[in-house]
Amino acid sequence: MLSEFDLEMPSDLQASLSSLPYATPLGGGTNLLVDLRARREKSKRLVWLGNIQAFREIKINAQQVSIGGGTTLSDILHSPAMAEAAPSLFNAARVFGGQMVRNRATVAGNICSGSPAADTVPPLLSLDATICLTNAEGCRSVPLDQFYTGFKTNLRRQDELITGLSWLVPNSNTANLFYKLARRKGDAISVVGVAVTVTREGDRCTHARIALGSVGPTVFRAKDAEAILAGGLLSEKLINDAAQKAMEQSKPIDDLRASANYRRHSVRVLTRRLITQAWHSLPEKTAHT
Ligand SMILES: Cc1cc2nc3c(=O)[nH]c(=O)nc-3n(C[C@H](O)[C@H](O)[C@H](O)COP(=O)(O)OP(=O)(O)OC[C@H]3O[C@@H](n4cnc5c(N)ncnc54)[C@H](O)[C@@H]3O)c2cc1C
């Protein structure tokens with residue numbers, strides 16, 4: 001049973017910020033209410049962010065995507081341009097929870113919950129997303145890559161909200177893919193999540209991102225594996241080497257969903273598969289866009 005709490009429902013950002021740090025931000029509640037019910041979370045005062053309309057704005061132009069801190073997974077799926085502006089995130093939204101969860105769950109809540117299995121985080125890391133942390137004084141931008149400090153710990157201060165995220169739209173020489181390996185197709189926690197971004201110029205890979213979920217205390221970028229690809233002439237051997245390195249950088253645990261060995265093996269297979277797919281989807285001749 002849920003214990004009692006006070007619920008504030010401000011309709012503007014300033015009012016919600018003035019409730020912090022005494023109140024806990026409530027996005028869709030798909031983590032927080034579960035944790036309150038299970039007594040893992042003890043907050044007696046919550047501030048619901050769902051009444052702040054500007055919080056759900058999605059803006060996409062030719063260069064940049066920015067989404068508000070209250071953007072839900074369903075908002076991502078219903079945004080016509082998102083499939084091109086963030087293919088990996090769009091695909092993560094498609095396999096995220098069930099319909100009811102997608103309607104409530106926010107991207108910011110997914111990031112803040114800090115689960116190593118958070119499905120939006122590998123895609124956002126692969127897109128080099130930056131988050132905007134706002135308090136009464138203003139907003140500071142933090143690259144998502146620097147946000148996590150350990151298992152379920154991060155740089156957010158108690159008086160800050162994630163009010164938005166932004167990233168650059170991949171150009172036509174760039175492919176961005178995500179794959180969630182889980183025990184079911186829907187409503188399942190990831191066994192392994194892999195997101196990759198690859199930019200091709202002729203036979204050369206000029207930019208690479210590999211982000212891994214559920215194989216460490218936080219979602220993280222396999223930077224040593226990225227370094228094998230970036231700047232190199234792409235070949236089957238180079239892809240295999242990068243996939244092997246991604247596996248070596250993983251530090252998974254055994255749990256009821258999969259063994260650590262299976263997860264490590266899956267990282268190698270999925271990284272190799274996604275980079276190969278990404279590479280072959282790109283034009284051999286560079287289009288300058
Ligand atoms: C049935 C079910 C299925 C699920 N399936 C998946 C899945 O497939 N993949 C997956 O990754 N997760 C899944 N989840 C977990 C959960 O839905 C996600 O983590 C979700 O994105 C959390 O977002 P929320 O808006 O509901 O966050 P909340 O529960 O409202 O909040 C989570 C945390 O974030 C903080 N927070 C929320 N918004 C902000 C903000 N703007 N600024 C600062 N802090 C904030 C809260 O204080 C809290 O600490 C599932 C959960 C359930 C119950």
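Q: Which of the 29 residues around the ligand come nearest?
A: In this predicted model, the residues that come nearest to the ligand, of the 29 around it, are Gly27, Gly28, Gly109, Asn110 and Cys112. A residue counts as near when its C-beta atom, placed from the backbone, lies within 6 Å of the molecule.

Q: Why is the ligand said to lie between domain 1 and domain 2?
A: Domain 1 (6-48) and domain 2 (55-168) both give residues to the shell around the ligand, and therefore the ligand is placed between them. The domain assignment of the chain also gives domain 3 (174-281).

Q: Which helices and strands each supply at least two residues of the shell around the ligand?
A: Strand S2, helix H2 (32-37), helix H6 (99-104), helix H7 (107-113) and strand S10 (161-168) each supply at least two residues. The largest share of the shell, five residues, comes from H7.

Q: How do the residues of the shell around the ligand divide into nonpolar, polar and charged?
A: The shell around the ligand has 14 nonpolar, twelve polar and three charged residues, and Gly counts among the polar ones in this division.

Q: What makes S1, S3 and S2 an open sheet, and what is the pairing?
A: The three strands follow one another in the order S1-S3-S2, and their pairing is parallel. Strand S1 (6-8) and strand S2 (24-26) stand at the edges with a single partner strand each, so one side of each is left without a neighbour in the sheet. From one strand to the next, the twist averages 30°.

Q: What makes domain 2 and domain 3 count as being in contact?
A: Residues are in contact if their C-beta atoms, placed from the backbone, lie within 7 Å, and 22 residues of domain 2 are in contact with 24 residues of domain 3. The side of domain 2 that touches domain 3 draws at least two residues from each of helix H5 (87-94), helix H8 (121-126) and strand S8 (148-150), and the largest share, five residues, comes from H8. By class, that side of domain 2 has 13 nonpolar, six polar and three charged residues. As for the C-alpha centres of domain 2 and domain 3, they lie 20 Å apart.

Notes. Residues are numbered from 1 along each chain as its sequence is written. This is a predicted model: local features need pLDDT of at least 70, side-chain atom pairs count only at pLDDT 80 or more; totals for chains, interfaces and linings use all residues. Two strands pair if DSSP finds at least two bridges between them. Helices (H or I, at least four residues) and strands (E, at least two) are DSSP runs, numbered from the N terminus. Axes are lines fitted to C-alpha atoms, for helices over the stretch in contact, and angles run from 0 to 180 degrees between N-to-C directions. Domain bounds come from an automatic or database domain assignment. Two residues are in contact if their C-beta atoms, placed from the backbone, lie within 7 Å.
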